Amino acid sequence: MVEIEKPSARVAVIGTGAVGSAVVCRLLDGGHEVTVYNRTRSRAAPLVAAGALPARTLREAVLSSPLVLLTLKDYAAVQQCLTHLDADLSGRTIVGMHTGTADQARQAAERVASLGARYVDAGIQASPEMIGTGTATILYSGSRHAFEQYGSVLELLGTPRLVGEAPEAAAVWNLALFGVWYDAQLGLLRALDTAREAGIDVEQFARTANTQLNHVVAAVPATVSEMLHASYPAGPANLTEHLTVVRHLVELRAGERLGDGGLPEVAARIEALIAAGRGAEGLTAIIGQRSAG
């Protein structure tokens, strides 16, 4: 990574919640001059006591530094912040550090560009206490030049990874990763709830569930290879055999409080592929070509 910015780079941080405060502290520890702004000024007081410079207004904070980090709670707050900015921000880089959608990232990038600045979107795969540690990964997308220029600053916050130059790339990557966790966790919770309702020993069941989850993790490289090469070997079962199991699961989960996990749609997809003569393929085929269903 190219490190152009000097170690004493000035940085403005807008928003001093849990993430923003962690970011400010890490930057201060790294020797940077940090200007902070929070709509409720008292919330920034501990950071000012720690060495940060207070800004009286949003405009003052943004104009104080060439690098501005928006550590706000959601896109609505980011949008409100950007709407109130009317200054020429040429030469500056704005980094949006919040969880949002692809459309929201594109809208933020367009607004920042209209102000003359470069935009970088960031997806934080870390809790506030992980900021600045080796366990924190932060995904970035947008201006490659800005990402490389401020690489030494971003590295202080966690392992930085540029995942694309389209402004929405980090948002999509970030949400997709969260989706992996939610799908796995909710799948486990559904299974545990079903076992409990059936009077099954949940602790004993959990051991076998752990084995199933490990099968999924171990198969990730093969699954990716099948998707990329559009080759879907049956593996432990073909689509016709999978359909029987999926239909049974739809029946088992009917009326459950955590829902059916979208299995009726999966069944319909498998049925369409079988009707197209692809019943001998494996389950990965359901994310292949869309023309079959």
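Let me begin with a salt bridge, in which the side chains of glutamate 165 and arginine 144 come together at 3.2 Å, N to O. By salt bridge I mean a side-chain nitrogen of Lys or Arg within 4 Å of a carboxyl oxygen of Asp or Glu. This pair connects distant parts of the chain, 21 residues apart: glutamate 165 is in the loop between β8 and α8, and arginine 144 is in helix α6 (residues 144–149). Helices (H or I, at least four residues) and strands (E, at least two) are DSSP runs, numbered from the N terminus. Arginine 144 is partly exposed, at a relative accessible area of 39%. Here buried means under 20% relative accessible area, exposed over 50%, and partly exposed in between, with a 1.4 Å probe and protein chains only.

A word on the model itself. It is predicted, so local features need pLDDT of at least 70 and side-chain atom pairs count only at pLDDT 80 or more, while totals for chains, interfaces and linings use all residues. Residues are numbered from 1 along each chain as its sequence is written, and side-chain values use heavy atoms, with hydrogens and water left out.

How many salt bridges does a search of the whole structure find? The search finds 9. In one of them, arginine 106 meets glutamate 168 at 3.3 Å, N to O. Because arginine 106 lies in helix α5 (residues 102–114) and glutamate 168 in the loop between β8 (159–164) and α8, the pair ties together parts that are 62 residues apart in sequence. Arginine 106 is partly exposed at 31% relative accessibility, whereas glutamate 168 is buried at 18%. Both belong to a salt-bridge network that also includes Asp103.

Another salt bridge joins arginine 56 to glutamate 60, with the closest N and O atoms 3.2 Å apart. Arginine 56 counts as exposed, at 60% relative accessibility, and glutamate 60 as partly exposed, at 30%.

Contact means heavy atoms within 4.5 Å. Tyrosine 37 belongs to strand β2 (residues 33–37). Is its side buried or exposed in the chain? At 17% relative accessibility, tyrosine 37 counts as buried. The C-alpha atoms of tyrosine 37 and arginine 278, which are 241 residues apart along the chain, are separated by 58 Å.

I turn now to the interior. A nonpolar core is a set of buried Ala, Val, Leu, Ile, Met, Phe, Trp, Tyr and Cys residues joined through side-chain atoms within 4.5 Å. Which residues of the largest nonpolar core touch the most other members? Among its 30 residues, they are Leu27, Leu69, Met97, Tyr140 and Leu157. Helix α1 (residues 18–29) supplies the largest share of this core, 5 residues. Apart from this core lies another, of 25 residues, among them Ala12, Val78, Cys81 and Leu82. Leucine 69 touches residues including Val11, Val23, Leu27, Met97 and Leu157, not counting residues up to four places away in sequence.

Finally, helix α8 (residues 169–197) holds threonine 194. The side chain of threonine 194 makes a polar contact of 2.6 Å with that of glutamate 256. A polar contact is a pair of N or O atoms within 3.5 Å; within protein, one must be able to donate a hydrogen and the other to accept it, and residues adjacent in sequence count only if both atoms are side-chain atoms. Tyrosine 182 is likewise placed in helix α8, and is partly exposed at 47% relative accessible area.
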